[in-house]
Amino acid sequence: MASIRVKTEFDLDSPTLVEGLPGVGLVGKIATDHLVDTFDMTYVASVDCQNIPRVSVYEADRREVFPPVRLYADESRDLLALQSDVPLARDGGGEFADCITEWLEDTDATPLYLSGLPVQDLDHSTLPDVFGIGSGDGAERLDAHDIDTPPERGLVSGPTGALINRAAEHGLDAVGLVVESDAQFPDPAAAKRLLDAAIEPLAGVDVPTEDLVEEAEQIREQKKRLAERMQEAEEDESTQARPMRMFQ
């Protein structure tokens, strides 16, 4: 059975959760990792689910061992972050999505689910487009901040797609954010665009993002192997948005 194992008690008032599961361009992961690091967020819970690989994570110059999928909190900003260092295996029964959705309902949290829209030969001289979809009051929040609607019919696959699906079925206030991103490589510029144009206003936080551009090459190198793994992953493992015309 899936479960959220709380490690440190925390007190939040109707927080916003930013989801960072690996997917195309690693845009969600890069953006969420940046929030955790920039705000020095506190590790508060682990996510235990059948489709999460049984691996241990360690960090430079530290003795602690961490689970691969974790929740972080920032009480001063009413902010939560779902961080993952591994791609998730196929979640055929929806156990992971159900577990996260039920916990969000209990916590009265509004999730921001993040996905990249793969674009071949992306023009990095212009800002990538960002659009949003929502359930419950999520759509009104998108309208209030002038975040674009989708330019065409499409779908979000992988674990993030399952989370958006469950949120809609439960009537949960939730937002799905999609940004154009590099189809093959980690894309810090797309993650910066996601933070600047959507996450900042929706979460009500001020996030410095210039170092995502200044350290872009270093970030790409750090995330390169995970990005390669996501390219090799089956459809249900890789979070990404795609136009429906690709299936017609």
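These legends describe close-up views of a predicted model.

**View 1. An open sheet of eight strands.**
The strand order is E1-E3-E4-E5-E2-E6-E9-E7, and the pairing is mixed. Strand E1 (3-6) and strand E7 (130-135) are the edge strands. Each of these two pairs on one side only. Neighbouring strands are turned by 25° against each other on average, direction ignored.

**View 2. The pairing of E7 with E9.**
Strand E9 covers residues 174-182. E7 and E9 run antiparallel, joined by six bridges. Within this pairing, Gly-134 stands opposite Val-175 in E9. In general, strands of a sheet pair through backbone hydrogen bonds, either parallel or antiparallel.

**View 3. Helices H2 and H5 across the strands.**
Helix H2 spans residues 95-107. H2 lies across E1, strand E2 (16-20), strand E3 (42-48), strand E4 (69-74), strand E5 (79-84) and strand E6 (110-119). Its direction is at about 50° to E1. Helix H5 is made of residues 188-203. H5 lies across E2, E5, E6, E7 and E9. H5 runs at about 160° to E9.

**View 4. Helix H1, residues 27-38.**
At 1.5 Å a residue, the twelve residues of H1 should span 16 Å. The end C-alpha atoms are 16 Å apart, which agrees. Ten of the twelve residues are buried, so H1 is largely enclosed by the rest of the structure. Among the buried residues are Val-27, Ile-30, Asp-33, His-34 and Val-36. Just after H1, Asp-40 takes a positive phi of about 50°.

**View 5. Val-205 in the loop between H5 and helix H6 (210-214).**
Val-205 has a relative accessible area of 9%. The cut-off for buried is under 20%, so Val-205 counts as buried. Leaving aside its neighbours within four places in sequence, Val-205 is in contact with Phe-39, Arg-77 and Glu-200. Arg-70 is 135 residues from Val-205 along the chain. The C-alpha atoms of Arg-70 and Val-205 are separated by 21 Å.

**View 6. Cys-49 and Cys-99, each in no disulfide.**
A search of the whole structure finds zero disulfides. For Cys-49, the nearest cysteine sulfur is that of Cys-99, 6.5 Å away. For Cys-99, the nearest cysteine sulfur is that of Cys-49. Cys-49 is buried, at 1% relative accessibility. Cys-99 is also buried, with a relative accessible area of 10%.

Key. Residues are numbered from 1 along each chain as its sequence is written. This is a predicted model: local features need pLDDT of at least 70, side-chain atom pairs count only at pLDDT 80 or more; totals for chains, interfaces and linings use all residues. Side-chain values use heavy atoms; hydrogens and water are left out. Two strands pair if DSSP finds at least two bridges between them. Helices (H or I, at least four residues) and strands (E, at least two) are DSSP runs, numbered from the N terminus. Axes are lines fitted to C-alpha atoms, for helices over the stretch in contact, and angles run from 0 to 180 degrees between N-to-C directions. Contact means heavy atoms within 4.5 Å. The expected span of a helix is 1.5 Å times one less than its number of residues. Buried means under 20% relative accessible area, exposed over 50%, partly exposed in between (1.4 Å probe, protein chains only). A disulfide is a pair of cysteine sulfur atoms within 2.5 Å.
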